Every structure is written in C-alpha cells, then in structure tokens.
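The following note sets out numbered points on the model shown below. Please read each point alongside the coordinates.

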Amino acid sequence: MAVTMDWLSREKITRHWRWGLPLIAGIIALDQLTKAGILGTPSLRAIDCLNGASACGHVELSPIVDFTMMWNPGVSFGFLQALGGGRWLLFVMIGAIVAGFTVWLFRAERRMTAVALSMVVGGAIGNLVDRARFGAVVDFVDFGPLFPWIFNVADASITMGAAALLLDQLLAGRKRAS
C-alpha cells in the first residue's frame with residue numbers, strides 16, 4: 001500500500017502564495033537591513049556585548065522611541081530564553097513552525113490568512129537568521145516606559161501577523177456560523 005502526501009497537492013495550492021512569498025522576502029530583507037544598520041552603529045557597541053546578552057549601547061531618537069541594542073537569546077520579546085544547545089532546539093522548533101505555516105500559506109483560501117501567515121513566516125525567518133549567525137537575536141526598538149520590551153522588525157511582523165491571523169480565523173468562523 002503506497003502512502004500519498006496529499007497535504008500539498010496541486011489541487012490544494014491556492015493563488016495567494018504568489019504574492020505571499022514576495023511579502024516574506026520583503027520582511028526578511030527589511031529586518032536584516034535594519035539589523036545591519038544597528039550592528040554597524042559604533043555607539044551601540046553590539047559586538048562588544050554579544051556574549052553578555054544584555055543591553056549594550058543606547059541612542060536617543062525622540063521622547064517616544066530610542067534605539068537600545070540588546071541581544072535576545074529567546075523568542076519574540078524575550079520569551080523562552082535558550083542558550084547553548086537549547087538555542088539549536090529552539091531553532092529547530094521555530095523552523096518546524098515556519099515549515100507548517102508555509103504549507104498553510106500555500107493552501108490559504110483567504111487573502112487575510114495569506115498576509116498574516118506571510119508576516120509570521122517572514123519575521124520568524126528574519127530572527128532565525130540571527131540565531132544561526134550569532135546565537136541570539138538583534139533587538140533594538142525601544143519605546144521606553146510606554147512598552148517594556150525591546151524588539152525588532154521581525155518581532156513586530158510576527159506579532160502583527162499573529163494578531164491578524166487570530167482576527168481572520170475569528171471572522172471566518174463567524175461567516176461559517178451565519
């Protein structure tokens with residue numbers, strides 16, 4: 001008896017991946033470009049404090065937002081801190097989630113689902129690049145007392161994508177129920 005893998009057959013692939021993949025690439029590019037700019041800013045001393053996984057340098061931009069360089073060995077907003085071998089376990093787990101969400105993207109029936117999945121996947125890959133290169137993720141956007149976490153473009157993309165995915169699924173459920 002042959003086992004078939006029907007989960008990504010031609011019949012199940014929708015058209016939304018055609019612009020979902022460029023959105024993913026754009027998020028990764030924007031994330032990595034902003035991080036390269038931060039890593040290249042001498043006053044933030046990013047490389048000097050890499051092994052410390054703590055706040056490095058700080059640049060005041062406005063009364064609302066600053067750049068504060070920080071290495072984050074966890075996932076978005078510092079959750080699930082993983083150092084040493086745990087870093088690679090976290091890498092594999094996030095990679096598996098990315099793979100699953102990418103399959104879901106190829107099968108997405110609604111545009112909002114595809115946008116949300118693309119945002120989550122693009123952000124997750126952006127942070128995976130850092131984790132593979134440095135063992136920690138470059139975080140730098142600091143809203144001070146307004147928002148207690150320091151984050152990056154990838155984190156923002158993941159958070160907005162997850163919120164959009166939740167909203168999309170709630171709205172889709174309401175449409176089916178009526």
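1. Helix 3 is mostly covered, with 17 of its 24 residues buried; buried denotes under 20% relative accessible area, exposed over 50%, and partly exposed the range in between, with a 1.4 Å probe and protein chains only. Helices (H or I, at least four residues) and strands (E, at least two) are DSSP runs numbered from the N terminus. The length of helix 3 agrees with expectation, because 24 residues at 1.5 Å a residue should span 34 Å and the end C-alpha atoms are 35 Å apart. The expected span is 1.5 Å times one less than the number of residues in the helix. Helix 3 is followed by G135, whose phi is positive, near 85°.

2. On provenance, this is a predicted model, in which local features need pLDDT of at least 70 and side-chain atom pairs count only at pLDDT 80 or more, while totals for chains, interfaces and linings use all residues. Residues are numbered from 1 along each chain as its sequence is written, and side-chain values use heavy atoms, with hydrogens and water left out.

3. As to overall architecture, the protein has 4 helices and 4 strands, arranged from the N terminus as α-β-β-α-α-β-β-α. Buried residues account for 39% of its 178 residues. Of the contacts (heavy atoms within 4.5 Å) with a separation of 6 or more, 66% are between residues 24 or more positions apart. The accessible surface is about 10100 Å², and carbon and sulfur atoms contribute 69% of that area; accessible areas come from the Shrake-Rupley method with a 1.4 Å probe, and for residues only the protein chains shown count as cover.

4. The largest nonpolar core has 15 residues, among which I94, V98, L105 and A124 touch the most other members. Helix 2 (85-107), helix 3 (111-134) and helix 4 (153-177) are the elements that each give two or more residues to this core, and the largest share, 6 residues, comes from helix 3. A nonpolar core is here a set of buried Ala, Val, Leu, Ile, Met, Phe, Trp, Tyr and Cys residues joined through side-chain atoms within 4.5 Å. Leaving aside neighbours within four places in sequence, V98 is in contact with V121, A124, I125 and L128. A second, separate core comprises 13 residues, including C56, F134, A136 and F140.

5. How many salt bridges does a search of the whole structure find? There are 3, a salt bridge being a side-chain nitrogen of Lys or Arg within 4 Å of a carboxyl oxygen of Asp or Glu. D31, K35 and D130 are linked in a network of such bridges. In the pair K35 and D31 the closest N and O atoms are 2.8 Å apart; both residues lie in helix 1, 4 residues apart, about one turn of the helix. K35 is also bridged to D130, with the closest N and O atoms 2.8 Å apart. That pair links distant parts of the chain, with D130 in helix 3 and K35 in helix 1, 95 residues apart.

6. The salt bridge between R110 and D168 has its closest N and O atoms 3.1 Å apart. R110 lies in the loop between helix 2 and helix 3 and D168 in helix 4, so the pair ties together parts that are 58 residues apart in sequence. R110 is partly exposed at 28% relative accessibility, whereas D168 is buried at 5%.

7. T113, in helix 3, is buried at a relative accessible area of 2%. Not counting residues up to four places away in sequence, T113 touches W104, A108, L165, D168 and Q169.

8. W19 belongs to helix 1 (residues 17-39) and is partly exposed, with a relative accessible area of 30%. Beyond residues up to four places away in sequence, W19 touches R111, A114 and V115. W19 and R111 are 92 residues apart in sequence and 9.8 Å apart in space, C-alpha to C-alpha.

9. L167 is placed in helix 4 and is partly exposed, with a relative accessible area of 44%.
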